[in-house]
Structure formats: C-alpha cells, structure tokens
Amino acid sequence: MQKALFPMKDHRVTCAYNKGVHRKHSTGSPKDYPTDLAGADSGRDWFRAPCDMIVLRRYTQASHAIWLRSVNKVKTPNGVGYLYIMSEHQDNKEMKPVGKIYKQGEKCFREGRNGNASGNHLHISCGFSKKKKPLNGTGWKRNNKGAWVLHIPGVTNITISKAFFKEDA
C-alpha cells in the first residue's frame, strides 16, 4: 500500500488554512482547509503525485482548478482510505485530461498565478474517504461566509498535515 507523500520538494506554506484570505474557508460552514504551497522561491516548482492519482475534473477558467483522487486506498496521517485533492492556479497547458493517471512521484503541474493569484503558488484543498466517492456536481460549494470550498458528498475535508507524510515525493 502506498503512503501519500508530500507533493512538493519544499514544504513552504505561504498561507495556511486559518490565516488571511483562507480564514473564511476554515471557519465557515461547510468548511475546507486550503493551504497555499510554494517552492523554494518565487519560481514555478512542480507538484508531484503524492500517490497514484487519477484526474477527476479540470476547470480551465478563472482559477484553473483540477480535482484528483488516489487510484487505490492509501495510507495517510488521517488513516487508510481514498485521498482527494483540488489544486488551483496552475496553467491549463500542464493539466492533463480527465482519466489521466499519474504515478506516485510523477510531475503533474507547476505552481502558477492564474485566478487573481498575487504570485506563483498552488492553492491545495484535501479530502478523505474510506470509500471511493464519485465527483458529482461542481466539486465546490459556497459556505455561509461566501467562500467556495471543496465539496464532494461523502468526503471529509482535511488539512494537508492529515493528508500527506512529510517525506518528499
């Protein structure tokens, strides 16, 4: 069984889920825990598959979002189950089509600045489920504070510290 490994070489958080613009995500209802990850500098570091992942959906407008799910159950700090990831701000040209499977450690896309981002980074939200759940609907839901949050019915939103082990992918 694979362990879900941290998806970037550097572990630099530029905005935590409970800080700044993300506060309305993590304190609203429903809530998620988005974290902005960036590489070692202001460049465009790679997000690598933390485990074998399949592309569930791509949204190529505004924030350029992509939804991924582990192909099989994986070991996470939260337990064993299916890992869901939604990432925003990467370039469309680097997002592969729905159904693409990334192998663990494979380069997926680089941090970017699409969707009103002030600098290169990836806005990452994670979810977890003991059972494989389909991505019905848009994958987002507006909470009572006006923030659009990761929403997959039957999937519990979790922090990145519960999603990934800190070893590099």
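The protein chain has a mean pLDDT of 92, and 98% of its residues reach 70 or more, pLDDT being the predictor's confidence in each residue on a scale from 0 to 100. The structure is a predicted model, in which local features need pLDDT of at least 70 and side-chain atom pairs count only at pLDDT 80 or more, whereas totals for chains, interfaces and linings use all residues. Residues are numbered from 1 along each chain as its sequence is written, and side-chain values use heavy atoms, with hydrogens and water left out. Confidence in the protein chain is lowest in strand 15 (residues 165–168), at a mean of 78, and highest in strand 7 (residues 74–76), at 98; helices (H or I, at least four residues) and strands (E, at least two) are DSSP runs, numbered from the N terminus.

Strand 8 (79–88) takes part in several pairings, two strands being taken to pair if DSSP finds at least two bridges between them. Strand 6 (residues 65–70) is joined to strand 8 by 4 bridges in an antiparallel arrangement, with Leu-68 standing opposite Ile-85 of strand 8. Strand 7 also pairs with strand 8 in the antiparallel sense, over 3 bridges; Lys-75 has Val-80 of strand 8 as its bridge partner, and these two strands form a hairpin with 2 residues between them. Between strand 8 and strand 11, which run antiparallel, there are 7 bridges, and here Met-86 stands opposite Ser-125 in strand 11. Strand 8 is mostly covered, since 8 of its 10 residues are buried, where buried means under 20% relative accessible area, exposed over 50%, and partly exposed in between (1.4 Å probe, protein chains only).

Strand 11 pairs with strand 3 as well, in the antiparallel sense over 3 bridges, and Ile-124 in strand 11 is the bridge partner of Thr-35. Strand 3 is in turn joined to strand 2 (residues 12–15) by 3 bridges, again antiparallel, with Val-13 opposite Leu-37 of strand 3. In a regular strand the side chains alternate between the two faces of the sheet. In strand 3 (residues 35–38), Thr-35 and Leu-37 point one way and Asp-36 and Ala-38 the other way, and all are buried.

The largest pocket has a volume of about 560 Å³. Of the 24 residues that line the largest pocket, those closest to its centre are His-25, Glu-88, His-89, Gly-115 and His-123. Pockets were located on a 1 Å grid over the protein atoms alone, a pocket being an open set of points with protein on both sides within 12 Å along at least five of seven lines, unlike a cavity, where a 1.4 Å probe fits but cannot get out; lining residues have an atom within 4 Å of a point. Grid points are joined across faces, edges and corners, and a volume is the space filled by probe spheres set on the points. Helix 1 (23–27), strand 8 and strand 11 (122–129) each supply at least two residues of the lining. The lining divides into 6 nonpolar, 14 polar and 4 charged residues, with Ala, Val, Leu, Ile, Met, Phe, Trp, Tyr, Cys and Pro counted as nonpolar, Asp, Glu, Lys and Arg as charged, and the others, Gly among them, as polar.

Two backbone features deserve mention. Most residues other than glycine have a negative phi, and most peptide bonds are trans. His-89, however, has a positive phi near 90°; this residue is found in the loop between strand 8 and strand 9 and is buried, with a relative accessible area of 7%. The peptide bond from Ser-29 to Pro-30 is cis, with omega near -5°, and Pro-30 is found in the loop between helix 1 and strand 3.

The count of salt bridges, each a side-chain nitrogen of Lys or Arg within 4 Å of a carboxyl oxygen of Asp or Glu, comes to 4. Asp-52 and Lys-103 meet in one of them (3.8 Å, N to O). Because Asp-52 lies in the loop between strand 4 (46–48) and strand 5 (53–59) and Lys-103 in the loop between strand 9 (101–102) and strand 10 (107–110), the pair ties together parts that are 51 residues apart in sequence. Asp-52 is buried, with a relative accessible area of 14%. Glu-94 forms a salt bridge with Arg-110, the closest N and O atoms being 2.7 Å apart; Glu-94 is buried at 9% relative accessible area, whereas Arg-110, at 24%, counts as partly exposed.
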